[in-house]
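This report covers a strand, a helix pair and a chain contact, in that order. Please keep the model at hand while reading.

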Amino acid sequence: MQESILDQITSTALPHGKRPILETRSMSLQFGRQVILKDISVKVNKGETIAIIGESGCGKTMFLKALVGLLSPTSGSVVFDGHDIQKLDDQEMTNLRKRFGFVFQNAALFDSMTISQNIAFPLRQHGVPKGKTAQNLISERLAEVGLPSNVLPKRPSQLSGGMRKRVGLARALILEPDLLLYDEPTTGLDPIMSDVINELMMRTRKRYPVTSIIVTHDMHSARKVADRIIMLYPYTRLEHGESQILFDGPPSALESTKDRRVSQFVKGEAGERLMEMLASRSKGPADTFGRVDPNHDDGMDEE
Amino acid sequence: MATDPFPNMDSPQSRLLSSLHRFASVWGTVVIDGVSTVGDISIFGWQMVLWMFRAKPKRETLMPNFYAVGVLSLPVVALTGTFIGMVLAIQSYHQFKNIGMETFLGAVINMSLVRELGPVLAATMLAGRVGSAMAAVLGTMRVTEQIDALISMGANPIHYLVVPRFLACVLLIPALTIMADFMGIVGGYFYSVIVFGIDHAQYLRNSREFVGSFDLFTGVFKSIFFGATIAVVSCYRGFHCQAGAEGVGRAATAAFVQSFVMILLLDIVLNIFLDAVYFAIWPTGAKLF
């Protein structure tokens, strides 16, 4: 039974470019009365590398999590390779997750396990692919992310932030996923390590036929790695009837955009934002800076 | 926060209405929150029961939890059990001596221990030592996205994290209870016989005649429910932890406090039930003299 579901899921992959591998259809997400995402429709083609940019609190991490079923959209749907992921049962979703790799913001390595056990975790859950051994796969992935084998018996707490992120990438890559999602991969790293992560993302794309979605507010990273950039804007700051997607196009088109909010973000200019914040403080708590998700920085107050 | 529906009215009636509105709003929120938390915990517990039968827990997740609950908790349970036995002896000795019945002290101490103090003490130590640690560990995993990572890699966090903790608590708390009972009996015996000099043969005979297997069963039976409560409440608190160090701390404290309240509440309910069973089997009941 398990096999047949898996075969069904994996056999529906279509040739490159024929159909989007991932699609959100009018996806909305809200917590209580707080609207995070409203009617987001995005199509991601196979092999694309997309950077989702936007200021803190715009819901870009929520968007990423909704793509792989970590959050359930309030309305609309997420379709991966022809499968509406909300309609899949537990077993089908588990099988589909073999095809996703998620690199978390702070790596989210399991503290109670060694690096080796962390990287091997997806293998333990889904089994080792035929013709390979777990040890070989771990060594290969570790070499790909440029880590020495002596880190394997260590615990995550013994590694630096950059090393942990690379272990997170190795773990996400171990089953050679079709869709790789990165949540702020360069945040909190020094400029050199940030660029190492950028290079690794580019090398990964060259090595595997993977579709990547990168959530970031690092414009250098977005420009360098992505071939398409989507900018999300906080729903509460939009004019009535406006789309939350302010920009969707290649990095080169960013320079010619006429939307001041996009160019302001790209150039990293505060503009009148500070004055707005001060004004909103004097008026009392404004929903513009409301709490979004207690478990993630992306949804926290900006101040 | 309740909004004032009568902002521009300052007559006594409208002020009274306004304060009644606020009162109803605040207490309404408390009741709704309370009911929804109980509902959430029940759903959480039910999902855990489903996952317990749906897939076999992995050995590597079971063993560390069995070790933490069964082995690492044993010394502290044994130590506190001994002290409680001694305290009971010290507290009761003079009253019993005044009426010349100090040889019955063993019966009273041992009965109190096996029926009530042993299981409650073992559960309290477990809630404090293991329950709050469970909430803190799972809370940290929630805050640092490790639970999301588990899900994203196809593992069910309830099956992977909660079921092993539940099994460890439920299966091993009877052993901890028996340990608390045994060490309490030893502590009580030591203080009564060695320190107060009560005749040891009479002390033991009176204990044996008064405390039966049903009493021991009562304590062990209750402890299973206590263990289940500790595991479900603590894991739930960890899973619903708020962000930051404060959130984790609050989850750990709430896990202990709520487990403890639930233990005492369950204790009352189970005692009423077990008493009914006891008197159905032995209508005359046990007599001290």
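What percentage of the 303 residues of chain A count as buried? The share is 40%, where a residue is buried if 20 or more other C-beta atoms, placed from the backbone, lie within 10 Å of its own, exposed if 12 or fewer, and partly exposed in between.

The model is predicted: local features need pLDDT of at least 70, side-chain atom pairs count only at pLDDT 80 or more, and totals for chains, interfaces and linings use all residues. Residues are numbered from 1 along each chain as its sequence is written, while chains are lettered from A and ligands numbered from 1 in the order in which they are written.

Chain A holds 10 helices and 10 strands; these are DSSP runs numbered from the N terminus, with helices (H or I) of at least four residues and strands (E) of at least two. Among contacts in chain A with a separation of 6 or more, 68% join residues 24 or more positions apart. Two residues are in contact if their C-beta atoms, placed from the backbone, lie within 7 Å.

Strand β7(A), residues 179-183, is mostly covered, with 5 of its 5 residues buried. A:L179, A:L181 and A:D183 point one way from β7(A), and A:L180 and A:Y182 point the other way. Two pairings of β7(A) are listed below; strands pair if DSSP finds at least two bridges between them.

| Pair | Sense | Bridges |
|---|---|---|
| β6(A) and β7(A) | parallel | 4 bridges |
| β7(A) and β8(A) | parallel | 5 bridges |

A:Y182 in β7(A) is the bridge partner of A:V103. A:L179 stands opposite A:T211 in β8(A).

In chain B, the axes of α4(B) (residues 105-143) and α7(B) (residues 200-210) come within 7 Å and cross at roughly 45 degrees. Axes are lines fitted to C-alpha atoms, for helices over the stretch in contact, and angles run from 0 to 180 degrees between N-to-C directions. The two helices α4(B) and α7(B) are therefore oblique to each other; angles under 35 degrees count as roughly parallel, over 145 as roughly antiparallel, 65 to 115 as roughly perpendicular and the rest as oblique. Residues meeting across this pair include B:L105 and B:M111 in α4(B), and B:Y203 and B:F210 in α7(B).

Between the chains, 17 residues of chain A are in contact with 14 residues of chain B. On the side of chain A that touches chain B, α4(A) gives the most, with 4 residues.
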